[in-house]
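Hi there,

Here is the structure I promised to pass along. Have a look at it first, and my notes follow below.

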Amino acid sequence: MKLIAYRSFDYNCQKLVPAARTREWMDKTPGSFAYHCLPLVMANSLGWFIINDIPCEMEWDGTEPASGLKVWATEELTDIQKYFLPASHFGSGVVTFHTEFMFWTDAKISMITKGPANMPKHGIHALEGVIETDWLPYPFTINWKLTAKNTRVRFERGEPIAQVFPYPADTLSQFDPEVHTLSMDTNPELFLKYEDYRKKRTVFNEKFKYDGAKRQKYYVRGEDSMGNKYSETHQTDWKTKPFVSKQ
């Protein structure tokens, strides 16, 4: 399937890179404990980062007008860089980043844009969007919402300002969601697997209180507590390809 990022400006400074598996705060957990959570790591590395090229700071006074949010560069900028300096367009503490990329996808494939997963930033929160990139003929913007007034927020050069990935536009409409009570009557095989895991997990959690280095790793190995393996569907890496420059 095709995913094209058109450069719409003669700027060539922002970068698109595969999203990183690592996070600074996860590195600092005892023994890098956070990396034992595979769902967390998989969310970290889903899709691509858009990398900021404009080092800047911003502060919001808590008021609704756009003028209540100030943004300034932390170093001298060229004229084209000044265009990409984020600004307050919508008010309410929302700051907008321009991107030089216009994404183009196959029919019925949208792009989800969000903040870098599991990368909290004090005083600000990334807003998320779903973009119909199978027809949109112009770039979308990236928006963050400041959450604390009179709090200075800084974005460094080289810091990701967004995480993007494609998503089939008609996926959700194909589901017929239901709520069932898990029991021997509704799904005997699944119920037995669940009960086996629940009992073993209860014992493990008691032992974990005294030995934090122990791990069950059922999910990491792609197997249940009864030894059934799901290697055909289990993933530990997205194998995301980098964007390749084409003329």
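**Aromatic contacts and overall picture**

The charged end of K121 sits over the ring of F155, 4.6 Å from the ring centre. Please keep in mind that this is a predicted model.

F155 has another partner too: with W144 it forms an edge-to-face aromatic pair, 5.2 Å centre to centre and with 80 degrees between the planes. W144 belongs to strand 11 (residues 142-146) and F155 to strand 12 (residues 153-155), so their pairing ties together parts that are 11 residues apart in sequence. How buried are the two? W144 counts as buried because its relative accessibility is 4%, under the 20% cut-off, and F155 is buried at 0% relative accessible area.

Across the whole structure, the search turned up eight aromatic pairs. One of them joins F101 and F103 in a tilted arrangement, 6.3 Å centre to centre with 45 degrees between the planes. Both F101 and F103 are buried, and they form one aromatic cluster together with W48, F140 and F243.

Of its 247 residues, 34% are buried. Among contacts with a separation of 6 or more, 69% are between residues 24 or more positions apart. The accessible surface is about 15,500 Å², and carbon and sulfur atoms account for 56% of that. Finally, the protein carries 31 positive and 31 negative charges, whose mean positions are 6 Å apart.

Conventions:
Residues are numbered from 1 along each chain as its sequence is written. This is a predicted model: local features need pLDDT of at least 70, side-chain atom pairs count only at pLDDT 80 or more; totals for chains, interfaces and linings use all residues. Side-chain values use heavy atoms; hydrogens and water are left out. Buried means under 20% relative accessible area, exposed over 50%, partly exposed in between (1.4 Å probe, protein chains only). Contact means heavy atoms within 4.5 Å. Accessible areas come from the Shrake-Rupley method with a 1.4 Å probe; for residues, only the protein chains shown count as cover. Lys and Arg count as positive and Asp and Glu as negative; His and the chain ends are not counted. The place of a charge is taken as NZ of Lys, CZ of Arg, CG of Asp or CD of Glu. Rings of Phe, Tyr and Trp (its six-membered ring) pair if their centres lie within 6.5 Å; planes under 30 degrees apart count as stacked, over 60 as edge-to-face and the rest as tilted. Helices (H or I, at least four residues) and strands (E, at least two) are DSSP runs, numbered from the N terminus. A charge sits over a ring if NZ of Lys or CZ of Arg is within 6 Å of the ring centre and within 35 degrees of the ring normal.
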